[in-house]
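Below are a few points I would look at with the model open beside you.

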Amino acid sequence: MGYDVKIQRLALNAMIDLQGDAEAIKNWIKDDDLPEFPNKPNTSITNQQFKIYWVGIEHWLMRSEIELEDHLLEMTNPSAAPIEISVVQVSDAFKFFEVSGPDAAEIISIASPIDHHLTAFPENGVSFTNIFGIKGLLIRVNNGFEIAVESSYADLMADFLQKANA
Amino acid sequence: MSKDLFRQTKGGLIDRNQTITFQFNDTTYQGYSGDSLASALMANGIYLTARSFKYHRPRGIVGSGYEEPSSLVELVGDEESGNQPITRVQIRPGLNARSVNCWPSPNFDLMAINQYISKLIPAAFYYKTFKWPNWHFFEPSIRRAAGLASAPNKTHHQGHYETRNAHCDLLIVGAGPAGLIAALQAARSGARVILADDGLESGGSLLSQHLKIGGKEAIDWVRETTASLDAMDNVTRLTEATVWAYREHNLLVITERSPATPNVFQRSWRVRAKQVLIATGAIERNLVFANNDRPGVMMASAIQSYVNRYAVKPGKRAVLFANNSSIYAVARDLKASGVELVAVIDSRSSVNDLPEDLQDIHVFRNFVVEQCHGTKHLSAITIKNAATGETTKIVCDLLGVSGGWNPTVHLFSQSRGKVKYDANLATFIPGEAVQACQCIGSASAIFTLQQVMEDAVQKTLQALDLDPGNAILLPPLEPEAEYSIEALWHVDLNESLCSKSFIDIQNDVTLSDVHLAMREGFDAVEHVKRYTTAGMGIDQGKTGNLNVIGAIALKNGCEPDEVGTTTFRSPFVPIEFGALTGIREGSVYLPYRHTSITQWNKDHGAKMYESGARWRRPGYYPRSDELFQTTVNRESRLVREGLAVYDGAPLGKFEIKGPDALKLIDMLYTNNFDNLKVGMGRYGLMLNEDGIIFDDGVTFKLADNHYFMSTSTGNADTVNQHMEFFLQTHRPDWRVKITTITTQWANATLCGPKAREMMQALGTDIDLSNEAFPFMAMREGKVGGFQARVCRVSFTGELSFEINVRSRDSLALWETIMEVGKPFNISPVGSESNHVLRVEKGFLSLGHEADGTTTPQDLGLNWAMSKTKTDYIGKRANEIRLAENPSRWQLVGLLPDDPKELVDESAPITPGGRRESSEGFVTACVWSVVHNRVIALALLENGQHRMDETIYIRRKDHVVTAKVTAPCFYDVKGQLLRS
């Protein structure tokens, strides 16, 4: 192994894609368990149960452990959401990887052109970016990063990460 | 052989405690840690290191760094690679190198015969000579003879290549005095700095000169400075790292030759820098005179480097020849090394800058070197008084030449910055920058250390937008003489000498070649370059380009700035292909995508291959010893007669929602969607702006202004971009949101007459009757215990149910289907049988019938073109196309006269089968299990009006005749799929 990192494929997460006016979304999803929405683009807000990522213009992702998926769906009620907002279950659309350890940033430098320096990509940084040529979500976590890619690319991503750390 | 034969007894930056054994041309030598291959060979008395590219003349070492034009080597063994300047190869245990352009050795080279026929092979001779019977007749042997090395045929054993990305506030290219002081200034201001240098260690020219900085040896200042930089978290200092490309938006590429990371053989960095300082120094020019390529003729700065840095004596009796003042520092160091300095030949008419301490040197003012003597090594020179023509012969074995200094503007020029000619310095210097970059130090034509450092600090402050008060304190420096020069582009040719004056040593281009090009009308600098190859290849004109420009100027009677420069191209130094690709090789060379049942498919013997958008899908599932066609026939028959299941997961899927969603759908598709009912879907065609079919698919209405769109597999990403582009650029006011759900939903498609029975067997709460669940409807409910969206669409022409479930449920659903389907003899089918079935139905396939040239009308899809919609993407262009040419190539069916003859897809159709312009081509040809014969689809000129006509398909060795039919061979009324 070239770098001091641990790379692992994570279990399925519950994910909801939210698009539309922020106030309309907040009005639709009212739950005491939910954290506030992030106040800066490309950052996340986390509480013990949920994470909210601000990933684009009028675009957020909500994430939780898969065990809380039903709760998440109840909160967001995708099929009944008003026409102004889009609420779509995307839990199965993503596969997550964690790259952790002292050299995690080295692997991310190989994988992505994003500037992941703390001054540009803060501790709660999250962004869609190019990861080994594929659209992927990069999230800074304790001691490293998480990568989420469209699930069809999961095997390829694992292959790439293994090669990067060969 | 002894490593100390030509080594000084002390000094240098080599580690004499570490002896290293290496091989060169199958002979074992020794050197010291810190030696380059060039210095180690020189210390061993090896002066003949290569043969020239074209004439196979003896060649030695000319430079000391990346500018080396003469001696390239190939590395063999585990590090196998070519195009390595001998001066950039560090010796290390196990190093095995050999010379290029010679066989069997540089000392005895059979191809040296070229020297004797050189008059027959001047520049561009092959353009004129190898015309008859055909260039390609000669090409293979010329290619074998040309080239600077053979390509490696195996991978490295010592790790892999890596490419990575980096960002910084300031990238400093070059860690000489300017680069180091700039890095120190920037780093202390807190900026994120990357400092990259081509050399084994930082220091640049300071490593080769005896200078004092702050009262200490320059090397001590270098090491203190680098230690300070290394201690700062905001600095990345790279050595043996060449910045070789400057792209748009301040993207620069660095390749690190020996990264410290275990298993990484070479590493390329793609650096996005906010600001760039180019501190690449200057490259010394060669001087052009007869036989100036003899081993023993070297750049003066290289001699200085060898005697100071490597403690090598490059010769015993030396002469220096220059047109500028920098030669006297070399003279001083040469004297100090113990090499006998016989004379300095200074071409300048008046020399006022001879240092006080060198008054004892014999200086020939206003003289030039007319010719070198010797065959495989320099033995003497003839010098000539420029005023009187009087000549004198001087015995010597080393000649150092300096034609002046060119700022290394390659990267600056690559950044699209303009260079301008400075007559006082007789060189091109950086002009106006186009990107956020500046040249500093010698790269900006500043040549004294004091000025170099002041310039570097000032421009660093500018680059970082810092107040001048933040400038760091410069160390005290010793006074230096100002640089002065008188241009000498070449010594006048003396035809009577019958010797060659090389202007580009690497490409074996002589002054006569340049004159020949100009005589033949190729007198622009870019034409001269192409005619003669001067400045091409890995050299990129480092030592010779300006002399070419000067020679053209002299011949034309103009100034060099009127001639201009050629284009400086990347890479600045040779770069291995592996360093460009990094880890993208082997299993990830072609990206791939898998569905949830990919492993199941592999476990069940499916032949998997790319089927668009990087998806690896099952092509067919052969049983034991089944042949391809047998398998495809079996699978196709199964769908027509029984029941099969197909992995349709890769189909593109989007959820589209918002108050303006219907407007978007109507703008994308050619047909109307405004009367679509909830729970129903509609087939639609998307056109591009040119009115050509771009994609097709089915879109279901989930609710008002809420849709579930499916697209072709191959175009899913492109359709997404198409929609986003339209919304973001044409209709940013429309409130529509698109969510990609291609991999959220997996899809198992049951197809065949028994599909409904199978659905019932699986168990579902959906009413499957044709009345409750008609063709093109979508229903949600439980199927086999899984929550599903079931769609009644068909790509095969049979009754079909597309069962969409969450991807996590896909494998379980698939296994349930296989288990429950056993009584129905269910079997999975692949994309090959799907292809057969869709051809039987005459359904279009992207890439076949919809090949980027066809309109819906060409394919008989006029019914899908709304006559009432005022607009949709591609409408106007489509109408114009049809108006201009109503008899376009149109979709038809074909029945070959020989029912067993399969025709290649894309085979041309020509009038009478003659070899003339085609009137169409075969888009698909399959064995039909329904008709038990070959059927085909084709695009044929005015085809819709040529039914029953016989057409002619050209194959490689014969012509196939076929009858034109309607492009549907099965269930023309579509009753089965609606059943």
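This is a predicted model: local features need pLDDT of at least 70, side-chain atom pairs count only at pLDDT 80 or more; totals for chains, interfaces and linings use all residues.

1. Starting with the interface, 34 residues of chain B are in contact with 33 residues of chain A. On the chain B side, the elements giving two or more residues are strands E8 (160–173), E15 (264–278), E34 (652–657) and E38 (737–740), together with helix H20 (807–820). The largest share, seven residues, comes from E8(B). By class, this side of chain B has 15 polar, ten charged and nine nonpolar residues.

2. Next, have a look at chain A, where five strands form an open, antiparallel sheet in the order E1-E7-E10-E9-E8. Strands E1 (6–9) and E8 (126–131) of chain A are at the edges with a single partner strand each, so one side of each has no neighbour in the sheet. From one strand to the next, the twist averages 25°.

3. At one end of that order, E8(A) runs antiparallel to strand E9 (residues 134–141) of chain A, and six bridges join the two. If you want a pair to click on, Asn130(A) has Lys135(A) in E9(A) as its bridge partner.

4. Helix H3 (residues 104–111) of chain A touches E7 (94–100), E8 and E10 (144–150) of chain A, and its direction makes about 130° with that of E7(A). Helix H4 (residues 154–164) of chain A touches E1, E7 and E10 of chain A, with a direction at about 15° to that of E7(A).

5. Back in chain B, please check two cis peptide bonds. One runs from Trp103(B) to Pro104(B), with omega near 5°; Pro104(B) sits in the loop between strand E7 (96–99) and helix H2 (125–129) of chain B. Another joins Trp132(B) and Pro133(B), where omega is about 0°, and Pro133(B) is in the loop between H2 and helix H3 (135–145) of chain B.

6. Which backbone angle of Asn25(B) has a positive value? Phi does, being near 50° in this residue other than glycine. Asn25(B) lies in the loop between strands E1 (15–24) and E2 (27–33) of chain B. Because it has 19 C-beta neighbours inside 10 Å, Asn25(B) counts as partly exposed.

7. Gln540(B) deserves a look too: its phi is positive, near 50°, and it is not a glycine. Gln540(B) is placed in the loop between helices H11 (525–532) and H12 (545–556) of chain B. With 19 other C-beta atoms within 10 Å, Gln540(B) is partly exposed.

Terms used: Residues are numbered from 1 along each chain as its sequence is written. Chains are lettered from A and ligands numbered from 1 in the order in which they are written. Two residues are in contact if their C-beta atoms, placed from the backbone, lie within 7 Å. Helices (H or I, at least four residues) and strands (E, at least two) are DSSP runs, numbered from the N terminus. Ala, Val, Leu, Ile, Met, Phe, Trp, Tyr, Cys and Pro count as nonpolar, Asp, Glu, Lys and Arg as charged, and the others, Gly among them, as polar. Two strands pair if DSSP finds at least two bridges between them. Axes are lines fitted to C-alpha atoms, for helices over the stretch in contact, and angles run from 0 to 180 degrees between N-to-C directions. A residue is buried if 20 or more other C-beta atoms lie within 10 Å of its own, exposed if 12 or fewer, and partly exposed in between; C-beta atoms are placed from the backbone.
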